[in-house]
Structures are given as structure tokens and as C-alpha cells.
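User: I am new to this structure. Please show it to me, and then let me ask about the terms.

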Amino acid sequence: MSPPGRKDSVESLDCDMAVKNLSGYWRLGMEGLPDYPVTAVKPCLWKWQDVYDSLVRAGEVISLENSERRVVRLVNPGLDRKHAFATHTIQVSFQYVKPGENARAHRHTPAALRFVVQGSGAYTTVNGQQCVMEPGDLILTPKLTWHDHSNDSKVPMLWLDGLDFPLVTGLHQVMQERYPERRQPIETNSEAGISGLSRAIHGGPLTEFFHYKWRDTEPGLRALAKSANARDRFDGYLLEYRNPLTGGSTMTTMQCAVQLLSAQEETDAHRHTSTVMYHVFRGSGTTEVGEQRFDWQQGDTFVVPLWYAHRHSNSSSHEAILFSISDAPALKALDLYREEF
């Protein structure tokens, strides 16, 4: 009810409501909403040489005695630089651990994964399970699993970190806890599987799976590429990392895959409501995202934001292999995933 003697108005009502922590639905302008999903995430290509040079420089000036991790983060130009995220749901970074170093043990609510890019012989320990790292390996650290990284080899180790940090941030669920010691004890390794002792210590299930080895993944991908019927018109030969315990997605919020684009291959264009981060594991090629063209080579990383039409091509005489991380599982859980071509 307006004050006596004063003609009421929408502006006056809005002002009076604001001081009472109220707001009218009419202020949202719902009639002007788009008829398709819109994102602030922009298509972007990060060149490997820029990332690598930054990692090497960080190796000279950042000590793991003073910093929890030595990581270079990919920052999307369309998002708030305060958080330094690559997308609104997935953060991708690159980690650099020099010979003789250890990145201390901790755990956190964001789920994380490691795709090994360079180096051999270092290891990640997850809930007491040692996972020796080789190029192309994928190692999971699900939410609240203890993990640390040690490099007892003679060469630096570099890997891609993928986390659902932006999504967990949006849900106000971010937390981190340090392990009592710098390194957690190694109880078993990924060749032998997890032990009952680990279940007692960490409270996890009797059987846990953290390590996809490239020596197992590559034969599966090549077997797929030999079958003409297995080719996907949008992605070439696509092999998803499935959770062997559930048969579901790689992680609850993230789906990982590797795809092979044969020499001279071109895919059809499509778009979907999921956002995908791509890392070039081998070869070179081109991806068209909306009106932009990204020419990529080994080590580069690029993002295809949601609802952007995109297609891949490999005009070289050699195959190309891409590793990808998608937020599709989260969207499917909310019944928000759809695809159009």
C-alpha cells in the first residue's frame, strides 16, 4: 500500500521493496530470455609453448616448500579473472614437478583428474594407492580422496589437471584439508588394486579405481579405428573412459574421452549443451568453433563452449589424437543435456 497522498509507481514500489530485501519478478525481464542456452565462456585456444614457458619459469621461482602446488591455470577471457577459471564448470591447469620434489598430500571437495603430458616414472598416491605416471595415463582423484605427487625420477613431470572447481564453487561447497604428514603411506599400487587396509584407514569402498593406463587405452582406441562402423560423424573414433565399477561416466561431474582423427579426416558440425575442454595429445589439425578457427598442434588446449557449433578436421598425412573433458554428466543428471546437428 502506497503512503497516504502519494501516487504509487513501479519505481517507488521497487525502491521500497529493496530496503526490505525484496524484489519483484517483473524486474527479471523474463519476456526477453533467449530461446537457446547462452554462456559467458568464450572459445579460446591456449598454445603449448606459452604454457610450457610459464611452467619452466615457475619452476625457477616457485618452491613447493612454500606453495601447495606449482600450477599454471588456463583462464577464459570471457569469465571473471578473479577466479581464473577455464569454463564455468571445469578448470584446466598444468602442473610441473621437478626431480626430487613432492607436492604435499591433501584432499578437497572438487573432484580432480590428471592426464600425463610429459615425463615418466613419477607417481601420484591416491588413498594409499601408488599410481606410477606415464604419458597418456589418466589418474583420478575423486572428491575428498587423499592425494600427493612425488617425482623420484631424473626428469621433470608435466600433466594436465582437470577439476570441477567452478561447479563446486558455484554450489558453495569448496573445502580443502591437509594430510597430517607431507606424504601419505603407500599401501599398494595401481597394478595390484586397493587393499582392505586402505578401506579401514580411508573409509572408502573395498574396491577403488583411479588409474587408466595409456598402454591399455591405446590398443582400445586403435581397435575402434579399425572398424568403419565405429566412426562417429562428429568426433571421428571416440573412446570414452567409463568407470569400471559402475559402468557410468568417468567421474560424477566429468566425462573424459580420447578421439582419433585419421589423416585427411573431416567431421560434421554439431552443438550441445555441454562444454568441452580439448587437449592435443598427438598430431595437428583444425577445429572450427562458431565463427572462429583454431589451428592446433601437439600440446595445445582449446575450449568449445556450450551450444557452439563445431567441427574438427585433420588435413595432415598423420593421425591426430585429442583428449577431452566434458561436463555432460552433470547436465544429464539435471536432464539439461541436448544435442543438435
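User: Leaving aside its neighbours within four places in sequence, which residues is T253 in contact with?

Analyst: They are D164, L167, S326, D327, P329 and A330. Contact means heavy atoms within 4.5 Å. The model is predicted: local features need pLDDT of at least 70, side-chain atom pairs count only at pLDDT 80 or more, and totals for chains, interfaces and linings use all residues. Residues are numbered from 1 along each chain as its sequence is written, and side-chain values use heavy atoms, with hydrogens and water left out.

User: Why is T253 called buried?

Analyst: Buried means under 20% relative accessible area, exposed over 50%, partly exposed in between (1.4 Å probe, protein chains only). T253 has 16%, so T253 is buried.

User: What makes α5 a helix with one buried face?

Analyst: Helices are DSSP runs (H or I, at least four residues), and strands are too (E, at least two), numbered from the N terminus. Helix α5 (residues 214–225) has twelve residues. W214, T217, E218 and L221 are buried in α5. Seen down the axis, they fall within an arc of 100 degrees, so they line one face. The arc is that of the directions from the helix axis to the C-beta atoms.

User: What do the buried residues of α5 pack against?

Analyst: They pack against β13 (211–212), β14, β15, β18 (276–282) and β23 (320–326).

User: Where is T253 placed?

Analyst: T253 is in the loop between β14 (237–240) and β15 (255–261).

Key
The expected span of a helix is 1.5 Å times one less than its number of residues.
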